[in-house]
Amino acid sequence: MTASSATKITWLGHATVLVQTPKGTNILIDPFIAHNPKHPQGFNLPSKIHYVLLSHGHGDHISDAVPVAQKHGSTVVAIYELADYVAQKGVKETIGMNLGGTVQLEDVAATMVDAKHSSGAADEKGTHYVGVAAGFVLEVAGGPVLYHAGDTCVFGDMKLIGEVYHPSVAMLPIGGFYTMGPKEAAHACRLLAPKTVLPIHFGTFPPLKGTPEELAALVEPGVKVARWKPGEEFAA
Ligand code: NI
Ligand code: MN
C-alpha cells in the first residue's frame, strides 16, 4: 500500500499501540502512559482518540483508559465486566462485548478473541473481577487485518484466529514472565501465519527479557519481525 492509504500503527511502549486508519479513525489499545517507563518522551496523541480498546484489567493495560477517554470523549471497548468497571470510574461511553463478538468502529471491524491470561483490576479497595483476558482482531475496511494478542501464552486456538481472520500483522507479547516469550511467540507465528510481527510487552521492566532478535531467529523464513522502538510507526 502507498503511504497515504496505509494504516499507521505506532508503538507507545509496552502493549500500548495507536492505530490510525486512512479514513481518520484513531484507536488506542491498552493505554499505559503516565507510569509507562518506555512511553516515548514528548509523544503527543492525536487531537482525537475515537476508541480505546482494553485487552484485560491489569494496570499496565488500563491505567490511562479513564483519563484518555475523558479527555478525548473516547468510547472504551472491552469485555463486559471491564467496560462496566471503567464506566464506574467515570468513562461515559463504553461498549461491553465478549469473546467472539464483533463491533463496527467506523471503518474498523473489531472482534474480541481469546487470550490465556489472568484479568483483575486493582484499586484502593482491592482487586475486582473484570471478566477474562482477550485479544482483538481489527479488520480495516479496504486495508489490513491486524491482531493485538493482549497478554497471553501461546495457545492452540491461535490457529483458529489465523484460519478465521487471516491477520497480516500480529502484535505479540514476547517479553516472557507474564506472557509468552520468543520461543512461544515463534510457535504462535506458525499458528497465525502473519506476514509481519510487531513485538510488544518486552523490555519495559527487568523480568520482560525476550527480544525481537531472539524471535527473528526462530520464525519461519518469510515472517518479518519488526525491530521497532517506542514512538516508531509501522505502515500496514
Ligand atoms: Ni496482564
Ligand atoms: Mn501486561
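Biologist: What makes D60, H61, D151 and H201 the residues that coordinate the manganese ion (ligand 2)?

Modeller: In this predicted model, D60 (OD), H61 (NE2), D151 (OD) and H201 (NE2) sit at 2.1 to 2.3 Å from the manganese ion (ligand 2). Donors are N, O and S atoms within 2.8 Å of the metal (3.2 Å for Na, K and Ca), and water is not among the atoms, so sites may look incomplete. These four therefore count as donors.

Biologist: Are D60 and D151 buried or exposed?

Modeller: Both are buried, meaning under 20% relative accessible area, with exposed over 50% and partly exposed in between (1.4 Å probe, protein chains only).

Biologist: How do you know that β12 and strand β13 (residues 169-173) pair?

Modeller: Pairing requires that DSSP finds at least two bridges between two strands. β12 and β13 share 3, in the parallel sense, so they qualify. In β13, V169 is the bridge partner of L146.

Modeller: A word on conventions: residues are numbered from 1 along each chain as its sequence is written, and chains are lettered from A and ligands numbered from 1 in the order written. Local features need pLDDT of at least 70, side-chain atom pairs count only at pLDDT 80 or more, totals for chains, interfaces and linings use all residues, and side-chain values use heavy atoms, leaving out hydrogens and water.

How values were computed. Helix = DSSP H or I, 4+ residues; strand = E, 2+ residues; numbered from the N terminus.
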